[in-house]
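Welcome! Let us take a walk through this structure together, one stop at a time.

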Amino acid sequence: MAPGANRHSTYLTMVAAGKFDIVKDSWKGKEVSYYMEPAFAKNARLIFGKTPGMIEFFSNKTGVPYPWEKYSQIVVRDFQGGAMENTTATVLFERMNMTKEQYLDESYEDIISHELFHHWFGDLVTAESWANLPLNESFATYGEYLWNEHKYGRDHADQYGWKDLQTYLTSTQGKDADVIRFNYADRDQMFDAVSYQKGGRILHMLRKTVGDEAFFKSLHLYLTRNAYKTAEIDDLRMAFEEVTGEDLNWFFNQWFLASGHPVLKIDTRYDAAAKKVIVSVVQQQDLSKVPLYRLPMAIDIYVSGNTERKEVVADKQSQNFSFDVPAEPELVNVDAEKYLLATKKEAKTLSQNIFQYTHAPLFMDRLEALQALEKMPAEKAARETMIKALDDKNWELRLRAVNFIPKLNDEEKAGLYDKVKSMAVNDGRSYVRAGAVAILKKVFQSRDNRAVLEKVQSDKAPSVQNALAEK
C-alpha cells in the first residue's frame, strides 16, 4: 500500500447493507467488484464491465496509478443523488439496476467514469473546503469527457461537452455564482451546474490554453504533490504555473474566481480592395457583474481550397483582427476549436453555413451550421444540407435532421420515405430509430407502414417502444 493510502476524508466513508450478488473483475491484481441485487446481477458486466479499462486509462492519463487497494460499485435503493464516490466503494442509484433493454437507451457510462475519476480528484486529493468543491466535481465531470474522447473519439466527447455547456447556460439556480465561492448559505448550494458542468468546461478551456502535454503534466504534479491531503484552487494554479512557466492568474481569476461568462458578438467582413478579412469581436456581458475576459482563440480561414489558422487573443471590450487573404474566403471560422464557454451571436450566410457543415471538422462546427440552417426552411440549399445530415456520423445530428423532415416540401418528403424506414430499423442509436418511427407515423401516416412497424416491434429499446405506442 502506498504511503498514506489509508488516509482519506471522513465524508468518503459509507456502509451499505442488502442482499447483493457480487460480480468480480480485476485490474492489475486489484479486485474490481460490482454489487447488485440478484435480479439484476446477470447484467453487471454489461453495465460496469468497462471499469477496469477506465482505471487503466485514468491511471495512464494522470500518470498516477489507481491509488487504492480495490474498487467496488454498489447499486442501492432510495439514494438521493446519482452516485457517491466513497473511497474504494462508490454507491450508485437504483437506475443502475438496468435490463439489457434499458441499456440500449442509456448506459450511464458518464456516471461510472465520473465517480471513478473522483478517486483521483476528490479522494486522493480532497477539496480543502466546500468553497473549493469544483476541485472535486469539475474534474470528475471532465473525467467523463476524457473517457468519451478516449473510448469513442472527439466527436462523441464534444457532443456531451456541448450538453454540459447547455446544462450550465440553461440553469436557473445558482448560475450567477462564482465557481470558487465562500458566500454559500448551505454546502448543498455548491452542488450545482457551476461546480459540475461549468467547471468541467473551464478545465477543457485550460487544457486548450496550455496544450495537452502541459495540462496532463500539471495534473500529475497537482496529484502527487497533494496526495492524501487537501487542496485549494491556488494549489492547482501553482502546479500549472510551475509546469508551464507562465503566470496564469488571469485565467484562474476570470474563470474560477468570478461568475458569469462572455457574451460575444462576432462579425466578419471581407475588404476586396485591400484583400483583407476583418473579424470584429465585441464582449457584451454586463461588465459591472462579469469580467472583461482574456480569450485566446483560433480563427480558421478557408479560401480557395486551403485552410489557414490564425491565433489571436480577444482581451478588449471591442476588438478588430485583420488578416491578409488572396481572395474572398468561403468561411471564416471564429473559435475554430469550439472550446469557449460563451454565448456567441454571429450571423453567417446560407452558403457559409453549408460550407461549414460540409468542410469544418468538428461536431460543434456541424451543430452550429445545422442550428442556423434549421431556421432557413424556405431555402432549398438549406433543406438539402439538412437531408445530408441524415447520414451524419453523430447520432445527435442525425436525430436533428430526422426532426427537420416535417419542414421539407412534399416532393422531398416522398423521396426520403425509404430512408426513414431504413433508419427506423437500422440506425445505430435507439433515439434516432425512435425519431424515425415517430416521423413514419406523423409524416408518412398515409403510407402502408405495417411491414416496417412490425419489424420495429422486435426493437427492445424503451424509446423505440414508446414511439411505437404513441398515437
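How many residues line the largest pocket, and which lie nearest its centre? The lining is made up of 37 residues, and those nearest the centre are Gly82, Ala83, Glu137, Phe191 and Tyr196. Please keep in mind as you look around that this is a predicted model.

Let us stay with the largest pocket for a moment. It holds about 1000 Å³ of space. Several elements each supply at least two residues of its lining: strand S4 (83-84), helix H4 (109-117), helix H5 (134-152), helix H6 (154-169) and helix H7 (194-210).

Our next stop is the aromatic rings. The count of aromatic pairs comes to 30. One of them joins phenylalanine 93 and tyrosine 108 in an edge-to-face arrangement, with 5.7 Å from centre to centre and 75° between the planes. Phenylalanine 93 sits in the loop between strand S5 (89-92) and helix H3 (100-103), while tyrosine 108 belongs to the loop between H3 and H4, so their pairing ties together parts that are 15 residues apart in sequence. Why does phenylalanine 93 count as buried? Its relative accessibility is 13%, and buried means under 20%. Tyrosine 108 counts as buried too, because its relative accessibility is 18%.

We finish at a lysine. Where is lysine 348 found? Look in the loop between strand S14 (343-346) and helix H11 (350-359). Is lysine 348 buried or exposed? With a relative accessibility of 17%, lysine 348 counts as buried. Leaving aside residues up to four places away in sequence, lysine 348 touches Leu331, Val332, Asn353, Gln356 and Met376. With glutamine 356 there is also a polar contact, made between the two side chains at 3.2 Å.

Definitions and conventions: Residues numbered from 1 in each chain as written. Predicted model: local features only at pLDDT ≥ 70, side-chain atom pairs only at ≥ 80, totals over all residues. Heavy atoms only, no water. Helix = DSSP H or I, 4+ residues; strand = E, 2+ residues; numbered from the N terminus. Buried < 20%, exposed > 50% of the residue type's maximum accessible area, 1.4 Å probe, protein only. Polar contact = N/O pair within 3.5 Å; in protein donor to acceptor, adjacent residues only side chain to side chain. Contact = heavy atoms within 4.5 Å. 1 Å grid on protein atoms, 1.4 Å probe; cavity = no way out; pocket = protein on both sides within 12 Å on 5 of 7 lines; lining within 4 Å. Points joined across faces, edges and corners; volume = space filled by probe spheres on them. Phe/Tyr/Trp six-rings, centres within 6.5 Å; stacked < 30°, edge-to-face > 60°.
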